[in-house]
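Work through the exercises below with the sequence and the model in view. Each task is followed by a solution in steps.

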Amino acid sequence: MEHTRAHLNKILPAVGDSFVTNRRNPILTIAQDTTPGNHDTLMAACDSHRYVKQFHIAEYHENCTDSLKNALGELGEQGREFSPAPFNIFMYIPVRDGLGLS
Ligand SMILES: [Zn+2]
């Protein structure tokens, strides 16, 4: 996502915008969007630590980081401890200029 934000020079992609790889090759273009169009590019993928420390949920909670790791493991890729920044479709995170998340 950091490469796409730099490529677009904005944090909220819109119709016609293309996402790019770390080598700036286009991999996805938004052709149509029938939603209000607020799709987050800033929030990290959730993980077990977030549920414990931020949401105070003591028992294990399913999360995106483990889901990706498990899915890749089923495909034969093991040992992945890094989860790339996600494109959070339909996730509205209001941002104010220079003031962080509101
Ligand atoms: Zn998640």
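**Exercise 1. The annotated span**

Task: State how far apart the end C-alpha atoms of residues 1–97 lie, and how much of the span is helix and strand.

Solution. The model is a predicted one. In an unreviewed entry, UniProt places the feature "domain: DUF1989" at residues 1–97.

**Exercise 2. Aromatic pairs**

Task: Find how many aromatic pairs the whole structure holds, then classify the pair formed by the rings of Phe-19 and Phe-87.

Solution. Step one: a search of the whole structure gives two aromatic pairs. Step two: in one of them, the ring centres of Phe-19 and Phe-87 are 4.6 Å apart, and the ring planes meet at 55°. Step three: planes under 30 degrees apart would count as stacked and those over 60 as edge-to-face, so the rest are tilted. The pair of Phe-19 and Phe-87 is therefore tilted. Step four: this pair links distant parts of the chain, since Phe-19 belongs to strand E1 while Phe-87 is in the loop between H3 and E3, 68 residues apart.

Task: Decide for Phe-19 and for Phe-87 whether the residue is buried or partly exposed.

Solution. The cut-off for buried is under 20% relative accessible area. Phe-19 has 4%, so Phe-19 is buried. Phe-87 has 22% relative accessibility and so counts as partly exposed.

**Exercise 3. Around His-7**

Task: Locate His-7 and list its contacts beyond its neighbours within four places in sequence.

Solution. His-7 is part of helix H1, residues 2–8. With those sequence neighbours set aside, His-7 is in contact with Ser-18 and Val-20. From His-7 to Phe-19 the C-alpha distance is 8.0 Å, and the two are twelve residues apart in sequence. His-7 is partly exposed, because its relative accessibility is 43%.

**Exercise 4. Positive phi angles**

Task: Describe the phi angle and setting of Arg-24 and of Phe-90.

Solution. Step one: most residues other than glycine have a negative phi. Step two: Arg-24 is not a glycine, yet its phi is positive, about 65°. Arg-24 sits in the loop between strand E1 (18–20) and strand E2 (26–29). With 41% relative accessibility, Arg-24 is partly exposed. Step three: Phe-90, also not a glycine, has a positive phi of about 70°. Its loop runs between helix H3 (64–74) and strand E3 (95–96). Phe-90 counts as exposed, because its relative accessibility is 62%.

Terms used. Residues numbered from 1 in each chain as written. Predicted model: local features only at pLDDT ≥ 70, side-chain atom pairs only at ≥ 80, totals over all residues. Heavy atoms only, no water. Helix = DSSP H or I, 4+ residues; strand = E, 2+ residues; numbered from the N terminus. Buried < 20%, exposed > 50% of the residue type's maximum accessible area, 1.4 Å probe, protein only. Phe/Tyr/Trp six-rings, centres within 6.5 Å; stacked < 30°, edge-to-face > 60°. UniProt positions renumbered as here; feature names shortened; annotations may be inferred. Contact = heavy atoms within 4.5 Å.
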